[in-house]
Structure formats: structure tokens, C-alpha cells
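The structure comes first, then the contacts by type.

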Amino acid sequence: MSWLVYSQLGLPAIGSAATSTDAAIITSELQPTVIPREAHTISRRDISPNALRVLYRLRDAGFSAYLVGGAVRDLLVGHHPKDFDVATDATPEQVKQQFRNCRLIGRRFRLAHVVFGREIIEVATFRANSDDGSGDRELHEDGRLLRDNVYGTIEDDAVRRDFTANALYYAIEDFSVRDYCGGFEDVQARRLRLIGDPEQRYREDPVRMLRAVRLAAKLGFTIDGPTAAPIPELAPLLAEAAPARLFEEVLKLFLSGHAVASFEGLERTGLLTVLLPESAAALKSNRSGALRAMVLEGLAGTDARVAADEPVSPAFLFALLLWPAYCRALIGLQAQGTHPEEAARRAADRVTLHQLTTIALPRRFSLPMQEIWLLQSRFSQRQRKRVVRLLSHPRFRAAFDFLVLRQSASPEHAADVAFWTQAQTQSNEELSASLGLEPAIDSYTDEDAPPSKRRRRRRRRSGAAGASGE
């Protein structure tokens, strides 16, 4: 039965005053569409052996258990899932009894994690749509779901999920796919559709708007019209989400290999204005489009690194995303007559502080981000001591890669890029020659130097640990 029929059945919104009997009658009318093995592309060979182990153990113990959600969806479109989740009628405590390597986590959503070395199989109990008072559910007065540990049937669980594409269940009994909400058809059509009333579902959890953008970018899906329509109006609700949670969501948006498509999706839906307000304002006021071109170029580089299985530093990512805001703040302070160095420091602090009200950016990332910004002005310096000092700076490689990125938006940095590209490979004599100076000659070697004069040797980092993969 499709999500539309489910909606027409009049299933009450989560947290409404409907009784459990009402909900049971309605969900009992849901009949799954069973897609047999020969009609879909999922093979057990593509499923994690540990996930299969969990499924078979729960089945042998007398419970129902299914592979569910993103793994089923991704396998149907030919992707290779990184995570495999299981849904079951066993409670978290019952799951823990079956696995010694299991731990229970979560307060908002009680879950069981079955740990196999570095792989974790997440096991969730079927959740119900309504609470008869015996469960554990709490809603905020504005409709946001604060805690939800009310258990039910697989039918209840299906209509409780966010998108139809995530409400598909793979059964190990006959290797079929069970579809309660029309998700199989939507996956085939490359369409992302919310289950139930979109506005109500977004109010329950505003982060679902970000998930819609991220999944559409990742899968190459289009967001269904009724699902997309409320987002611009409800976008301000995103500011009410926990800043720490939004930080994690930003990493998922931009470090999963689809950063460019995610950024463009945020722009189209109006979510960028809420998520990165000062950068969005700076991009809007930048008539030349150079700042936006730089951001897109940097995100394309991030996607390339992810595709090549290379590391990407969140510090570099946020330096890129907040660079338009930093430039705008810097120009404003300089226009007020603030000394350039002081203006740079104050602009960096101001942008970081303001962004923290929305996204909880940890200091281990915000401080390197600021260093990347503040080092940019030093690339125009050509005094030998300053050149050597900058080359030995622990954040040099990240800052230099950022300079190269700036060149993609403005050719005025070409001379600096050329100089520092050569400087990284030049000897002492060659560097002095390029600066028009005589080679520096020390009066004593490092070994002969008195203790107070002896140079501290700094271990050089490999080039691969720079900029985007620090």
C-alpha cells in the first residue's frame, strides 16, 4: 500500500491523541507488496556477513528480523552500503541476551549495537505510531520528537520511517523485499518521497530537511514535489536543532563524496541561509560570483579526494564554507580603519563565534581553520626569514592548498602560487637566489651551536597530509 493510501486512511500524526486500538486497526490494513528474489537485484553476497549473522541468530531465537533502510535502498540502486541496519520485533534487552558482543545505547532512540571488531550492526526494535501509555515517548510543544521508545509491529515501523525509500525490508526467509509504503516503486523512479504529511514530519524532526537534500544528492534522486514544497518555509526550524547534531549532519553532507550536489541542494531549498547564514549572505552580495565559484571548486576537490579514498580535514572544509563570511567581515573591519592584522584576527573570531550558535564546531577544527585564513596574507611576503618561517609552519600545506584554491576564483594569486610552489622544493641557495639575496651562511653548525642557540628540528609532514587531508 502506498504512502498516499496510508495518508488517506487517516493515520494520526505521531504523538496525537489516537488510541493504540485506532492505530492497530489502521496499520493492520497495510498489506506489503512482496518483491520476490527474481524481481530485485539484492544478493546475499553483497550483504555484510556480520549482518547476516545477526539476522540468522535472531530468526533462530524465534524473532522476526529484516535488513532495513539505507542498505536495502543502496543495494537496489547498485551502491555498496557502508552500514547495515537490522529491524526486529525483539526488544533491545532481548537482542542483548542473544549477543555477548552487544551494547545498548541511546536515550532518544533505544538501540542495540552488535559489535564485530570495527563493524557495528545497528539493531532497532519495530517502533509504533501511537503510545497507549505503556511506552516511553516525549514530544516538545512544537511537535518535535524528543524521545521515542514505543514498540510495535513491522507495519507500525514502516509508516514511522521518514522516506519511502528507507521503508524497505529484506527478508532472509525467502530473500524477498517487503514494501509497505511504495518505496520500491519510488526507488525505481529515482524519487525521494516522505511518508505521511511532509510538514508534520519536518516539524517532528527538522533535520529531515537536511536528510532529504543529502539523500537526493547521494542517490541522484529528485525530491518529490510535495516533499520539497514545505522546506523553504520550514527551514528556520533547523536553527532549533542541537548544534552538535548539525555539525555531524554537515560532515555527512559534505564528506560523503557528493558535496557539490549537496551545496546546490541547500541553496535551492533555502537551507543554506539557516545552516551557514553569514556565508549565504556574503555569497548573495558577491556580484562577480567569484566566492561561489571558489566554494564549488573546493567542494569538487573534496569529492575527488573522497572518491580516491583520501582523507579530508573538517578544518579545511569549514575554512572553505566560511571563507565568504570571513572575507565579508574582514572587508567591513578594514573599511572602519582597523589595522589589517587586527582586522584579520577579529574577523576570524567573529565569524567563528557567530557560526557556533548554529553548528558546534569543535576547537580542534576551528583553530586550524582560523590559521588557514590568517596565513593567507603571509603568502605575499618575500623576506627570507619570513619565507623560511612560513615554510616550516605546521599549517603551511593546508594554507598553501587554500591559496591554490583561491587562484581558481581569482588570477591575481598566480604569482604567489608560482613562487611558493617552487619554494617548497628549493635548496637554501636556490631560495636565496629567487629572492635576489646572497645565501645565508651560519657562523656555526647546528651541532656546534650553544644550547640557547641550537635550532629545534621540526619533523616535516608528508605532502598528502596537507590542506584537504590534514
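A residue is called buried under 20% relative accessible area, exposed over 50%, and partly exposed in between, with a 1.4 Å probe and protein chains only. The model is predicted, so local features need pLDDT of at least 70 and side-chain atom pairs count only at pLDDT 80 or more, while totals for chains, interfaces and linings use all residues. Residues are numbered from 1 along each chain as its sequence is written, and side-chain values use heavy atoms, with hydrogens and water left out.

**Salt bridges**

A salt bridge is a side-chain nitrogen of Lys or Arg within 4 Å of a carboxyl oxygen of Asp or Glu. The structure has 20 of them.

| Salt bridge | N to O distance |
|---|---|
| Arg305 and Glu310 | 3.5 Å |
| Glu371 and Arg395 | 3.1 Å |
| Arg397 and Asp401 | 3.6 Å |

Helices here are DSSP runs (H or I, at least four residues), numbered from the N terminus. Glu371 is partly exposed because its relative accessible area is 26%, whereas Arg395, at 15%, is buried. Arg397 and Asp401 both belong to helix H22 and are four residues apart, about one turn of the helix. Arg397 has 31% relative accessibility and counts as partly exposed; Asp401, at 23%, is also partly exposed. In the remaining listed pair, Arg305 is buried at 18% and Glu310 is partly exposed at 38%. Separately, salt bridges link Asp186, Arg191, Arg193 and Asp224 in a network.

**Aromatic pairs**

Rings of Phe, Tyr and Trp (its six-membered ring) pair if their centres lie within 6.5 Å; planes under 30 degrees apart are stacked, over 60 edge-to-face, and the rest tilted. There are 14 aromatic pairs in the structure. The ring centres of Phe316 and Phe402 are 5.7 Å apart with planes at 75°, so this pair is edge-to-face. Phe316 lies in helix H17 (residues 314–321) and Phe402 in helix H22 (residues 396–409), 86 residues apart. Both Phe316 and Phe402 are buried. Trp323 and Tyr326 have ring centres 5.4 Å apart and planes at 35°, so they form a tilted pair. Both lie in helix H18 (residues 323–335). Trp323 is buried at 6% relative accessibility, as is Tyr326 at 3%. A cluster of ring pairs links Phe316, Trp323, Tyr326, Trp373 and Phe402.

**Cysteines**

With a disulfide taken as a pair of cysteine sulfur atoms within 2.5 Å, the whole structure has zero disulfides.

Definitions and conventions
Helix = DSSP H or I, 4+ residues; strand = E, 2+ residues; numbered from the N terminus.
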